[in-house]
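I opened the model to look up its pockets and its strand pairing. My notes follow in the order I took them.

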Amino acid sequence: MPEPLPTLSRRERQIMDLLFQRGRASVAEVLDGLPDPPSYSAVRALLRTLEEKGHVTHVEDGRAYIYKPTVAREQARHSALAHLVKTFFGGSTEQAVAALLDLNGPKLGNAELDRLSRMVQNAKHEGR
């Protein structure tokens, strides 16, 4: 598993989610997309922090800065999942999968269970 990206605060995660959804956004667009938004200057500071951490970059568009993620959503998802497994399951993929299967959400259908079984078999064959 790759090394997780630096930990994000709740607000930083909200901003990253918004940037992943939109692809790019100005400070004003981020502000409009946040629940219970902080001040404009607070959003600017959060974006600057995210840039310092290496999560976003910006380009100038007239007087506005347009921010976009520096990594693809899939890479960020993989990194976040690696961090979750390490933090909450002691690095055990087995425990993480068992917890997912124990969730009280919609039950998995036969087709989903068959796909998961094939993934497990492929992982065995590949030595993962």
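I began with the largest pocket, which holds about 850 Å³ of space. I then listed its lining, 23 residues, and found Thr93, Val97, Leu116, Met119 and Val120 closest to the pocket centre. I note that the model is a predicted one.

I recorded helix 5 as the source of the largest share, with seven residues.

I also sorted the lining by residue class. I counted 17 nonpolar residues, three polar ones and three charged ones.

I looked up strand 2 (residues 56-61) against strand 3 and found an antiparallel pairing over six bridges. Within that pairing, I noted Ile66 of strand 3 as the bridge partner of Val59.

Strand 2 and strand 3 make a hairpin, and two residues lie between them. I read a positive phi of about 70 degrees for Gly62, which sits in the turn.

What does strand 1 (residues 25-26) pair with, and in which sense? I found two bridges from strand 1 to strand 3 (residues 64-69), and the two strands run antiparallel. Here I noted Ser26, whose bridge partner in strand 3 is Ile66.

Conventions
Residues are numbered from 1 along each chain as its sequence is written. This is a predicted model: local features need pLDDT of at least 70, side-chain atom pairs count only at pLDDT 80 or more; totals for chains, interfaces and linings use all residues. Side-chain values use heavy atoms; hydrogens and water are left out. On a 1 Å grid over the protein atoms alone, a cavity is a set of points where a 1.4 Å probe fits but cannot get out, and a pocket is an open set with protein on both sides within 12 Å along at least five of seven lines; lining residues have an atom within 4 Å of a point. Grid points are joined across faces, edges and corners, and a volume is the space filled by probe spheres set on the points. Helices (H or I, at least four residues) and strands (E, at least two) are DSSP runs, numbered from the N terminus. Ala, Val, Leu, Ile, Met, Phe, Trp, Tyr, Cys and Pro count as nonpolar, Asp, Glu, Lys and Arg as charged, and the others, Gly among them, as polar. Two strands pair if DSSP finds at least two bridges between them.
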